[in-house]
Amino acid sequence: MPAESNGGADDGQCEAKDAQRFERTIGGAKATIVRSASLGKAVIVADNMPAAPNGKDFQLWLNQPNKGMVSAGLMPHTSAPTVRVVLSGDAATATAAGLTVEPAGGSTSPTSAPLALFAFS
């Protein structure tokens, strides 16, 4: 069984009637953000995502109007066939989501160029 963060829960985003899917390829991994504006939530489903480099974390971001990129959480530290992480924050107002490599424990704002950027349009 694939390893999953948050117990595999996605708070219903994947099944919501207004669910939007945005896919990006990151090296050999495929990352899909599923966003439901009506629920105000988003989840990332990453297939074949490697572990972050030593001393680093993969950090998720939501781009909020008039605020820029706001932290939406960290990816798990292990590689797994499939990883799901519910993004924290208001996905209904966000215009995009991003994934960066950050120092261990994360950052208050991105310190590197995004590995992937998912525009919600």
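The chain's accessible surface comes to about 6,000 Å², with 53% of that belonging to carbon and sulfur atoms; areas here come from the Shrake-Rupley method with a 1.4 Å probe, and for residues only the protein chains shown count as cover. This is a predicted model, where local features need pLDDT of at least 70, side-chain atom pairs count only at pLDDT 80 or more, and totals for chains, interfaces and linings use all residues. Residues are numbered from 1 along each chain as its sequence is written, and side-chain values use heavy atoms, with hydrogens and water left out.

Now for confidence. The mean pLDDT (the predictor's confidence in each residue, from 0 to 100) is 89, and 88% of the residues reach 70 or more. Over residues 1–9 the pLDDT is below 50, though this stretch still has 13 contacts in the model beyond near neighbours in sequence. Where pLDDT is low, the predicted coordinates should not be read in detail.

On to the fold: there are eight strands and zero helices, giving a plain β-β-β-β-β-β-β-β order from the N terminus. Both element types are DSSP runs numbered from the N terminus, helices being H or I with at least four residues and strands E with at least two. Of the 121 residues, 41% are buried, where buried means under 20% relative accessible area, exposed over 50% and partly exposed in between, with a 1.4 Å probe and protein chains only. Among contacts (heavy atoms within 4.5 Å) with a separation of 6 or more, 57% link residues 24 or more positions apart.

Strand E7, residues 96–103, is mostly covered, with six of its eight residues buried. Its pairings are set out below; two strands pair if DSSP finds at least two bridges between them.

| Strand pair | Sense | Bridges |
|---|---|---|
| E4 and E7 | antiparallel | eight bridges |
| E7 and E8 | antiparallel | four bridges |

Leu60 stands opposite Leu99 in E7, while Gly98 has Leu117 in E8 as its bridge partner.

Gln59 sits in strand E4 and is buried, at a relative accessible area of 2%. So what does the side chain of Gln59 have a polar atom 2.7 Å from? That would be the backbone nitrogen of Ser107. For reference, a polar contact is a pair of N or O atoms within 3.5 Å; within protein, one must be able to donate a hydrogen and the other to accept it, and residues adjacent in sequence count only if both atoms are side-chain atoms. Not counting residues up to four places away in sequence, Gln59 also touches several others, including Ser71, Gly73, Leu74, Gly98 and Leu99.

Ala31, in strand E2 (residues 29–36), is buried too, at 0% relative accessibility. Leaving aside neighbours within four places in sequence, its contacts include Phe22, Ile26, Ile44, Val45 and Phe118.

The ring centres of Phe22 and Phe120 are 5.1 Å apart and the planes lie at 40 degrees, so the pair is tilted. Rings of Phe, Tyr and Trp (its six-membered ring) pair if their centres lie within 6.5 Å, with planes under 30 degrees apart counted as stacked, over 60 as edge-to-face and the rest as tilted. Phe22 lies in strand E1 (20–26) and Phe120 in the segment after strand E8 (116–119), so the pair ties together parts 98 residues apart in sequence. Both Phe22 and Phe120 are buried.
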